[in-house]
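Have the structure open as you read.

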Amino acid sequence: ALLLALVAAVPSAGQPGGQEPARRVVTSTRLVTLFSGLESELVTAIQRKDKSTLGSLLQEDFSLWTPAPPGAPLPREEWMAKALASRIQSFEVRQMAVQMAGDTAVVNFVLEQKPATSRKDRSYFIVDLWKQAGGQWQLSTRYQAPVAGVSPGPRRPTGKE
C-alpha cells in the first residue's frame with residue numbers, strides 16, 4: 001500500500017499529469033552575447049590598464065599562441081605586460097562564433113583594433129578557449145594571427161571611449 005501511494009504521488013514523465021524536467025537550452029545567440037561581453041571586458045581592461053580585472057579574466061596557466069617565431073607560447077605574465085603596455089584607441093569584435101566542447105567554450109572572432117599611436121587598424125583572427133572556474137569564465141588559451149583585408153561583418157560591441 002505504501003509503495004502504491006508513492007508511485008501515485010510521483011507522476012511519471014510522458015504520462016498524463018506528468019511533467020518533463022525543465023531543461024535550459026543554451027542557444028548560439030545567447031553564447032555569442034555572453035562571450036562578446038567577456039571579450040569586450042578583456043580588451044576594455046587592457047585599454048584602461050586595469051591589471052586586476054585583466055588578471056581575473058585569465059586562468060593562471062593562460063598562454064598566447066601565434067604563428068610568429070619562435071613558435072613557443074607567450075606565458076600569462078609576459079602577455080599581460082605586453083597587453084597593458086599597448087595603447088588601444090578603439091576596438092571592435094566581429095564575426096563571432098561560439099561552440100561548447102564539454103566545459104570549454106571555443107570562441108572565434110575577428111578583433112579589429114585602432115592603436116592610439118598609429119592610424120592603421122590592426123585585425124586579428126582569434127580563437128579563445130574559455131573555461132568555467134568557480135562559476136566564472138576565464139580565458140585559458142588564445143590563438144591569434146594577424147589578418148589583412150577583412151571585410152566588415154555583423155556589428156558587435158565596441159570599446160570606443
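Let's start at Arg 76, which counts as buried because its relative accessibility is 9%; buried here means under 20% relative accessible area, exposed over 50%, and partly exposed in between (1.4 Å probe, protein chains only). Before going on, note that this is a predicted model, where local features need pLDDT of at least 70, side-chain atom pairs count only at pLDDT 80 or more, and totals for chains, interfaces and linings use all residues. Residues are numbered from 1 along each chain as its sequence is written, and side-chain values use heavy atoms, with hydrogens and water left out.

Helices (H or I, at least four residues) and strands (E, at least two) are DSSP runs, numbered from the N terminus. Glu 60 is exposed, with a relative accessible area of 66%. Arg 76 also forms a salt bridge with Glu 77, and here the closest N and O atoms are 3.0 Å apart. Glu 77 is partly exposed, at 48%.

How many salt bridges are there by this rule? The count comes to five. Another one joins Arg 94 and Glu 112, with the closest N and O atoms 2.9 Å apart. This pair, too, links distant parts of the chain: Arg 94 sits in strand E3 (residues 88–101) and Glu 112 in strand E4, 18 residues apart. Both Arg 94 and Glu 112 are buried. Elsewhere, salt bridges that share partners tie Glu 39, Asp 128 and Arg 142 into one network.

Staying on strand E4 (residues 104–115), look at Gln 113. Gln 113 counts as buried, at 14% relative accessibility. Leaving aside neighbours within four places in sequence, its contacts (heavy atoms within 4.5 Å) include Ile 88, Phe 91 and Tyr 124.

Tyr 124 leads on to the largest pocket: of the 27 residues lining that pocket, Leu 64, Trp 79, Lys 82, Tyr 124 and Gln 144 lie nearest its centre. Which element gives the most to the lining? That's E6, with four residues.

Terms used: A salt bridge is a side-chain nitrogen of Lys or Arg within 4 Å of a carboxyl oxygen of Asp or Glu. On a 1 Å grid over the protein atoms alone, a cavity is a set of points where a 1.4 Å probe fits but cannot get out, and a pocket is an open set with protein on both sides within 12 Å along at least five of seven lines; lining residues have an atom within 4 Å of a point.
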